[in-house]
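Please look over the sequence and the model first, then read the points by topic.

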Amino acid sequence: RNFYYITMLRDPVSRYLSEWKHVQRGATWKTSLHMCDGRSPTPDELPTCYPGDDWSGVSLREFMDCTYNLANNRQVRMLADLSLVGCYNLTFMNESERNTILLQSAKSNLKNMAFFGLTEFQRKTQFLFERTFNLKFISPFTQFNITRASNVDINEGARQRIEELNFLDMQLYEYAKDLFQQRYHHTKQLEHQRDRQKRREERRLQREHRGHRWPKEDGNTEGAVTEDYNSQVVRW
């Protein structure tokens, strides 16, 4: 079988705030094994950010202060090949080298996916999905600009802190937006070319059809018509 890998990316700040609100309501990822190279990370490699059953009621500051919070740069981590950097073992290589490899791996995997969309561009995402897989959705995608994340009122300092914590995701998202727009405009251009070709073909068929509607009559028929007309004149 051929498997097509697809994904959706989101503005890193909005995505981070959305996850914080989700965790604040009691969501956890306890069942996630975080498998890498055939094993899960040890407690030393991936400590938890909270001692209880969940992190209900966590403040944004507490959420940001946990250095082991997997919300940080989540999109890069989930797209990259973690085995390249020793999985969750942070002593495998220095941080700078690790970040460079993770970002490059995430970009490469994203580029090689059959399709990816952006939450902030719903209609364009629908257009690309339909053209990529030759499918049609029953109804158009809806762009919801009012979300839990958009309802969070944060100051500029908090926004900058979130961007710093997600600096890899910020770079990935800029790359993704550029690649997404390239794919969109390229697909649009191909569609316009096909439409022009289709119209030219239709016009050609119409011309051929008009050419066959009134075939020329041979000389005998033309003579018979003339003779009949002259006969009528004599009788008149």
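F129 is buried, because its relative accessibility is 17% and buried means under 20% relative accessible area, exposed over 50% and partly exposed in between, with a 1.4 Å probe and protein chains only. This is a predicted model: local features need pLDDT of at least 70, side-chain atom pairs count only at pLDDT 80 or more, and totals for chains, interfaces and linings use all residues. Residues are numbered from 1 along each chain as its sequence is written, and side-chain values use heavy atoms, with hydrogens and water left out.

**Helix α5**
- F129 and F133 sit 4 residues apart in helix α5 (residues 122–133), so about one helical turn separates them.
- Helices here are DSSP runs (H or I, at least four residues), numbered from the N terminus.
- An α-helix has 3.6 residues a turn, so residues three or four places apart point the same way.
- The 12 residues of α5 should span 16 Å at 1.5 Å a residue, and the end C-alpha atoms agree, being 16 Å apart.
- That expected span is 1.5 Å times one less than the number of residues.
- Buried residues in α5 include Q122, T125, Q126 and F127.
- Just after α5, N134 has a positive phi of about 55 degrees.

**Aromatic rings**
- The structure holds 12 aromatic pairs.
- F129 and F133 form a tilted pair, because their ring centres are 4.9 Å apart and their planes meet at 55 degrees.
- Rings of Phe, Tyr and Trp (its six-membered ring) pair if their centres lie within 6.5 Å; planes under 30 degrees apart are stacked, over 60 edge-to-face, and the rest tilted.
- F133 is partly exposed, at 24% relative accessibility.
- F137 and F141 are edge-to-face, because their planes stand at 65 degrees, with the centres 4.7 Å apart.
- F137 is partly exposed at 35%, and F141 is partly exposed at 21%.
- One aromatic cluster is formed by Y4, F115, F129, F133, F137 and F141.

**Charges over rings**
- K124 lies over the face of Y184, 4.8 Å from the ring centre.
- K21 lies over the face of W20, 5.0 Å from the ring centre.
- A charge counts as over a ring if NZ of Lys or CZ of Arg is within 6 Å of the ring centre and within 35 degrees of the ring normal.

**R15 in helix α1**
- R15 belongs to helix α1 (residues 12–24).
- R15 is buried, with 12% relative accessible area.
- Leaving out residues up to four places away in sequence, R15 touches R10, A71, R74, Q75 and D169, where contact means heavy atoms within 4.5 Å.

Notes. Helices (H or I, at least four residues) and strands (E, at least two) are DSSP runs, numbered from the N terminus.
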